[in-house]
Amino acid sequence: MSSSVPLLLLALCGLAAAQGGVRVFNLRATGLPADALGIADGYVKVFSGQASLGKTSTLHNQINPWWEEEFVYRNALENDILRLEVYDRDLIFDDRLGVCSMQMKKGSFDHQCALDEGGSLYYSYTLS
C-alpha cells in the first residue's frame with residue numbers, strides 16, 4: 001500500500017501557493033536630508049493594510065542607504081495598501097521623512113517615490 005504522505009505534502013504546497021502574499025524587498029533611499037550635524041540615520045517601517053510587517057535596521061551616517069531586509073506577509077491581497085514610512089533616527093524624537101503608499105496589484109513591480117522632506121525611496125514588491 002502506498003503512503004499518503006507525498007499526497008499530503010503536494011496538497012499543502014498547493015494551498016500555500018494559492019494563498020500567495022506579498023514580499024517587499026530591495027529597499028534603498030537616495031538623498032535623505034541630513035540633520036544639523038550633516039548625517040542621516042535612516043530606517044523604514046513597512047505595512048500591508050493595517051498589518052505591520054516590521055522595520056529595517058537603522059543605517060547610520062548614510063544619506064543613500066540600502067537595506068538588506070525583506071518583508072513577507074502571507075495574508076496580503078490585491079488592492080490592499082502597501083505603505084512604507086521612512087524615518088531619521090534621533091536621540092529624542094525620530095523624524096518622519098516621508099510616506100510612500102500604493103494599492104498593490106498582482107505581479108512584480110519596482111517603485112520610486114519622493115519623500116516629503118527630501119530624497120527618494122526605491123523598493124520592489126511581488127504579490128502573488
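How many bridges join β1 to strand β8 (residues 120-127)? Seven bridges join them, and the two strands run antiparallel. The model is predicted: local features need pLDDT of at least 70, side-chain atom pairs count only at pLDDT 80 or more, and totals for chains, interfaces and linings use all residues. Residues are numbered from 1 along each chain as its sequence is written, and side-chain values use heavy atoms, with hydrogens and water left out. Strands are DSSP runs (E, at least two residues), numbered from the N terminus. Two strands count as paired if DSSP finds at least two bridges between them.

**Sheet β4-β1-β8-β7**

- Four strands make up this open sheet, in the order β4-β1-β8-β7 and with antiparallel pairing.
- The edges are β4 and β7 (107-114), each with a single partner strand, so one side of each has no neighbour in the sheet.
- On average, neighbouring strands here are turned by 20° against each other, direction ignored (axes are lines fitted to C-alpha atoms, and angles run from 0 to 180 degrees between N-to-C directions).
- Strand β1 (residues 22-30) pairs with β4 (residues 71-73) over three bridges, in the antiparallel sense.
- V24 stands opposite F71 in β4.
- On the β8 side, R23 has T126 as its bridge partner, and T30 has S120.

**Sheet β3-β2-β5-β6**

- This open sheet also has antiparallel pairing, and its four strands follow the order β3-β2-β5-β6.
- Its edge strands, β3 (51-55) and β6 (95-103), each pair on one side only.
- Eight bridges connect β5 (residues 81-88) with β6, and the pairing is antiparallel.
- V86 has G98 in β6 as its bridge partner.

**Salt bridges**

- The structure holds three salt bridges (a side-chain nitrogen of Lys or Arg within 4 Å of a carboxyl oxygen of Asp or Glu).
- Accessibility classes are set by relative accessible area: buried is under 20%, exposed is over 50%, and partly exposed is in between (1.4 Å probe, protein chains only).
- E70 forms a salt bridge with R23, with the closest N and O atoms 3.0 Å apart.
- Because E70 lies in the loop between β3 and β4 and R23 in strand β1, this pair ties together parts that are 47 residues apart in sequence.
- E70 is partly exposed at 46% relative accessibility, and R23 is partly exposed at 30%.
- E85 and R83 meet through their side chains in a salt bridge of 3.0 Å, N to O.
- E85 counts as buried at 8% relative accessibility, whereas R83 counts as partly exposed at 24%.
- The side chains of D94 and R89 form a salt bridge at 3.3 Å, N to O.
- D94 is buried with a relative accessible area of 18%, while R89 is partly exposed at 28%.

**Nonpolar surface patch**

- L91, I92 and F93 make a nonpolar surface patch of about 490 Å².
- Patches are built from residues with over 30% relative accessible area and no salt bridge; like charges are joined within 9 Å and nonpolar side chains (Val, Leu, Ile, Met, Phe, Trp, Tyr) within 5 Å.
- Accessible areas come from the Shrake-Rupley method with a 1.4 Å probe, and for residues only the protein chains shown count as cover.
- L91 is found in the loop between β5 and β6.
- L91 counts as exposed because its relative accessibility is 89%.
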